Amino acid sequence: MAVEMRLPAVHKHISLAASQSNREDKHLVVPGDVITSDTGFMRGHGTYMDEDRLTASVAGEVERVNKLICVRPLKTRYNGEVGDVVVGRITEVQQKRWKVETNSRLDSVLLLSSVNLPGGELRRRSAQDELAMRDYLQEGDLISAEVQSIFSDGAVSLHTRSLKYGKLGQGVLVLVSPSLVKRQKTHFHNLPCGASMILGNNGYLWLYPTPGQQDEEAGGYYTSMEPVSLSDREVISRLRNCLLALSAHKVLLYDTSVLYCYEASLAHQIKDILKPEIMEEIILETRQRLVELEG
Amino acid sequence: MRDTPLSNCERRFLLKAIEEKKRLDGRQTYDYRNIKISFGTDYGCCIVELGKTRVLCQVSCELVPPKDSRPTEGIMFFNLELSPMASPAFEPNRQSELLVTLNRQLERCLRNSKCIDTESLCVVSGEKVWQIRVDVHVLNHDGNLMDAASIAAISALSHFRRPDVAIQGRDVTVFSPEERDPIPLSIYHMPICVSFAFFLQGSYLLVDPCEREERVKDGLLVIAMNKHREICSIQSSGGIMLLKDQVLRCSKIASVKVSEITELINKALENDRKIRKEGGKFGFAESMPKERITTLKRDEAPVEMTDVEETAKDIVNRTETTTEVVSVPSPVLVGMGTAQVGEGIVNSWGLDEEEEDEPQTEDTKTDEVMVISDSEEEEVVILNEEVQ
C-alpha cells in the first residue's frame, strides 16, 4: 500500500479581484452586531431587540423590505418554499403518509395521496393501498420530490406527482449547505460529461448515470439494478469531488458552475481534487470562467 | 433533535465488513479502543475516554438519616445523565429508553454486586449514615456508553475520600480535610461492564462497538465482572437468541478484558497517589496535552504495512533503468535517526574564494572604501580596513 505524506505548509488564500466589487453593497453581520439603532423598523427573522437596538442573532446578510429588517443566515437548515425540488430520505412509514428527512427543522411529510401509484393509475387510495405502503417506499429509501405546500409550523409537504420524481436508484448523494444551491428553472440536469444530477434545494445533491431509455412507464418506482460501467462511475466520482470542492469554497452551485469545475478538474486525478492546493487551483479557474461568462 | 438516519448503503457496508471480520477503525473483533483515565483535583472526580467516548463521574457524600428497613447501612445513589453535548439526539429533560437502560444497568452492576461496604458508611445506627452519590455525565457519545460509565464510576469510587468523623456518644464531629485526612471508601472488588454487540442474527459478535456499529447491531450482551472472575450481572437486550456456548465464550473474553482494565485503573490510581504525595501538579489540566503551536498531538494512526516490501520491489522493477548508471552509495548512518546518502555537490554560494578573486580582476578604485551610510557624523571612521 503506497502511503502519501504531506507536510503542513502555509498557503495564501487566493481571492479574485472581481469578487471584491460586490462585497461593499452587501451588509454582512455576525451574531451580536448592531444593525440599526433606529426604532422605526420592524424586526424579522434572525434579529432581536437588545435595549432599543436591533441586533443580529445569526451570521448572514441583512435584508430590508420597506420597514421590515431580517437577516438571512448563510448556514442554515433548509426552509421550504413551494415549488422547490428536494431530495430526501424516508425515515418513517405512518398511516397514509411517509415522513421524509430533508435537512430541515422538522421532518417533511409525503402524503399517500400525493404519490403516483405504480402503473400510473388515477384512483382513490383504498385501505389496501395503505397496507401496501411499505412496498412502495421503505425506511431508508431516497426520493426526489417537489414541495407542494408548507404547514403553519414550517413543516413541508411533498408530492411526487410527476414521472420525473420518485424513488432514486443507483447513484451518489452529496450533502452541502442549502444556501449554496441556486434557484433555477430546472433542477434536473443531464450533463454532457456523461452523468446526470439533481440539485436539491435542501442541499442534497444526487448524481446518477444518465438512464439509457428516456421513457419510464413505471412511474418512478422502478430502480434499475444493472451494474454501472466503470467510465460512468469515474465521471460520477469526479463530479462528486468537484461538488465538494465547490461547496468548500462557497461557490454557488448550478449546472454551469459544476460543468466548468468538472472541465477544470480534468487535468488532475480524481483523488487529487480533494487536496487543498489543487482544490484552490480548480476553483480559481472555475471562478475566472464564471466571471467571464457574466461580464 | 432526531439523529440523521443511517443510509442503506452505509448499513450494508458495515454489515458486509463485519462478515469479513473487518471493523471501521481497523480493530480486531475482541479489541477495545484506547482507554484513558484521568482524575481531577478533587477526590472522586474522574474522566474516562474510551476512544472518542468521554464520560465524567463525580462522587460526593452527605450525612443523612438511613432507610427504615436498613438502619445500619449507608445509602448509595447512582445517577447517569446524557448531556446534550454528547450527541444531537440527546435532549435535556427527556426520559429516553437508553437513559433508563444505562441507569438500571449501572445500578445493578454497582449496587447489587455489593462492591462497596455499606456497613462501614454507618456513623450512628438509625440516625446518621453517609449517603454516597455517584453522578455520571456523558460528555461525548461514540458508542459503548455502558462500559465507559462503569469504568468511570468504579474509578471515581476508588479515588474518592470521605471526611473523617469522630463519635462521642450521640455527638458526631465531622472533620474537614484540613483537620484530618479524609478516608477512602472500603471497596471489596471492582465490577466492570463489558459489552458485546451481535450482528446478523447472532452469528457475529464485536467487543466495544463504536457508534456506527451500535446502529446496525441486532442485540447487545452486557456482562459485569470483576477480576476474580465473578459475574456481577448479565443483561441481554435486543431479543436475539444466544446459544449457551456463545454466552460462555463471551464470559471468558470478558474475564480477560476485565483483568486488563482493572490493571489500568489501578495503575492510574497509583500514579495519581504518587503525584499527590510528591506534591506535584495533578488534575485534569495536567492530563490534557498542551495546546501550543509548536506541538502537534495526534493519536497514532495504524498503517497497514504488510505488503510494503512487495509493492516497493514492484515499483523498483517497473522503473526503467537509465543508460548512465549512477551508482548511489549505500546510506551511511551518521547518528541516531540520521542517515546520509551520497554527498552534496560543490558549494555554489560564492563565498570567500570567489570574492577574493574579483577585486584582483577589477583594477578600478578598490582601495577607496565606499561609504554608504545615513550617518550624520562628520567623519566616519572605519575600523579594520583590511577586511574587504
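Reader: In what order do the 4 strands of the open sheet in chain B stand, and is the pairing parallel or antiparallel?

Author: Strands of a sheet pair through backbone hydrogen bonds, either parallel or antiparallel. In this predicted model, the order in chain B is 12-11-13-14, and the pairing is antiparallel. Strands (E, at least two residues) and helices (H or I, at least four) are DSSP runs, numbered from the N terminus. Two strands pair if DSSP finds at least two bridges between them.

Reader: Which strands of chain B stand at the edges?

Author: Strand 12 (204-207) and strand 14 (231-237) of chain B each have a single partner strand, so one side of each is left without a neighbour in the sheet. From one strand to the next, the twist averages 20 degrees. Axes are lines fitted to C-alpha atoms, for helices over the stretch in contact, and angles run from 0 to 180 degrees between N-to-C directions.

Reader: How many bridges link strand 13 and strand 14 of chain B?

Author: Strand 13 (residues 219-225) and strand 14 of chain B are paired over 6 bridges, in the antiparallel sense. Within this pair, Val222(B) has Gln235(B) in strand 14 as its bridge partner.

Reader: What lies across strand 11 and strand 13 of chain B?

Author: Helix 3 (residues 145-159) of chain B does, running at about 175 degrees to strand 11 (192-199) of chain B.

Reader: Which residues of chain B does UniProt list for "domain: Exoribonuclease phosphorolytic"?

Author: The unreviewed entry lists residues 32-163 and 189-255. UniProt positions are given in the numbering used here, feature names are shortened, and annotations may be inferred rather than shown by experiment. Residues 32-163 of chain B are 23% helix and 37% strand, with end C-alpha atoms 36 Å apart. For residues 189-255 of chain B the end C-alpha atoms lie 14 Å apart, and the span is 25% helix and 39% strand.

Reader: How many helices and strands are there in chain A?

Author: Chain A has 6 helices and 17 strands. Of its 295 residues, 41% are buried, where buried means under 20% relative accessible area, exposed over 50%, and partly exposed in between (1.4 Å probe, protein chains only).

Reader: Why is strand 8 of chain A said to be largely enclosed?

Author: In strand 8 (residues 85-94) of chain A, 7 of the 10 residues are buried, so the strand is largely enclosed by the rest of the structure. Strand 8 of chain A pairs with strand 11 (residues 142-150) of chain A over 5 antiparallel bridges, and Val87(A) stands opposite Ser144(A) there. Another 5 bridges join strand 8 to strand 9 (residues 97-101) of chain A, also antiparallel, with Ile90(A) opposite Val100(A). Strands 8 and 9 of chain A form a hairpin with 2 residues between them, and Lys96(A) in the turn has a positive phi of about 65 degrees.

Reader: What is the order of the 3 strands in the open sheet of chain A?

Author: The order is 2-5-4, with antiparallel pairing. Strand 2 (34-36) and strand 4 (47-50) of chain A are the edge strands. Strand 4 is joined to strand 5 (residues 53-56) of chain A by 4 bridges, and Tyr48(A) stands opposite Thr55(A).

Reader: How are residues and chains labelled, and which values count?

Author: Residues are numbered from 1 along each chain as its sequence is written, while chains are lettered from A and ligands numbered from 1 in the order in which they are written. Local features need pLDDT of at least 70, side-chain atom pairs count only at pLDDT 80 or more, and totals for chains, interfaces and linings use all residues; side-chain values use heavy atoms, with hydrogens and water left out.

Notes:
Contact means heavy atoms within 4.5 Å.
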